[in-house]
Amino acid sequence: FLRLFAAAGGGGGVPPGATSGDSQPWERLSAALRRRATVTPELVEELSRHTAGLYGLEERVPARALLPHVTGHLGTLTQLLESTGRTPARRELAATAGETAALAGWLAYDLNDIPSALAYYRVAIEAAREADDNALWACVLGYESYHSAGMGRHDQACALLTEAQRRAAGGGTVMTRAWLAGREAEEQAARGDGRAALAALDRAQDAFDRAPETDRVWTQFFDRGRLDGLRVTTYSRLRRPSAAHAAATEALRAAGTGATKKRSLLLGDVAEVHIQRREIACQYASEALGIVVSTDFSLGLNRLRRVREHLRPWQHTQPVRDLDEQMRVLV
């Protein structure tokens, strides 16, 4: 982790900021955004690279290990906003602070600290508003959609994703639009609207095919393997096992073997596909569980719990018993 963090700029020249008194990080950032603020473009660029490095670590580093570094970086950004006048550079600084707050919210959500996650999301939107950064606003709404979905509010998740795609409709955020459309496909499928789900998948594929190599910091995770994973989820939720199996085969080929959070989601979905085909494929769930535990990935754990529920008809078989034992020991 320390090697990864150093590579991301964790030992860079900008000292980590600390919150003062009893104020929460999001409260200090919110207050700073309302004050007059001046900072050099060079420093903004350095801070932006640091934020990008933290996003790069999120795929592999447990949330509880990464979050203190993210909030420390957010403290640095907040201190600068508190002391900097309104210049063109401040707008960029506000956008970087918003990106960092969005990541902090995502990590808090991963730790099941929902109040903190939502507070970070709110201040990230406040930063997006000041920076006139609709793409950042769209990112935050995309993150929020996971919370709604986790509560079973798939209609609300779809509404958030619709608004997110509207805000991301400007230029330069094509990969963001691909991710959001793929997310919408998942949620439309959860609602049982097959036509809307497949249309969203088509939009996701079209945007992905046109996207540049680099987009915004939050799209670093979104590659062909993740897009294929969203396709697997969508077909699985629509109860189309043949299409889901074909997509799963392609997704596994594209995803590689890295122990990343997105791979755990894919493996959980592949396990679901096999269950729908009346096949016990606990090896996929077992591998996913290992990743989930090593990365403290609550979203992945929730998905695996659904997989285990769907394995109930085979709960007395040895593979399912072995999976239960693994879950008992590790979780």
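**Briefing: a loop threonine, the cysteines and a cavity**

Thr173 lies in the loop that runs between helix 8 (154-167) and helix 9 (174-191), where helices are DSSP runs of H or I with at least four residues, numbered from the N terminus. The model is predicted, so that local features need pLDDT of at least 70 and side-chain atom pairs count only at pLDDT 80 or more, while totals for chains, interfaces and linings use all residues. Residues are numbered from 1 along each chain as its sequence is written, and side-chain values use heavy atoms, with hydrogens and water left out.

**Thr173**
- Thr173 is buried, with a relative accessible area of 6% (buried means under 20%, with a 1.4 Å probe and protein chains only).
- Leaving aside residues up to four places away in sequence, Thr173 touches Ala135, Ala168 and Asp215 (contact means heavy atoms within 4.5 Å).

**Cysteines**
- The count comes to zero disulfides, a disulfide being a pair of cysteine sulfur atoms within 2.5 Å.
- Cys158 is in no disulfide, and the nearest cysteine sulfur, that of Cys139, is 18 Å away.
- Cys158 is buried at a relative accessible area of 5%, and Cys282 also counts as buried, at 8%.

**Largest cavity**
- The largest cavity has a volume of about 30 Å³ (a cavity is a set of points on a 1 Å grid over the protein atoms alone where a 1.4 Å probe fits but cannot get out; the volume is the space filled by probe spheres set on the points).
- Its lining, made of residues with an atom within 4 Å of a point, includes Cys282, Glu279 and Leu311.
- Helix 13 (261-276) and helix 14 (282-295) each supply at least two residues of this lining.

Note on methods:
On a 1 Å grid over the protein atoms alone, a cavity is a set of points where a 1.4 Å probe fits but cannot get out, and a pocket is an open set with protein on both sides within 12 Å along at least five of seven lines; lining residues have an atom within 4 Å of a point. Buried means under 20% relative accessible area, exposed over 50%, partly exposed in between (1.4 Å probe, protein chains only).
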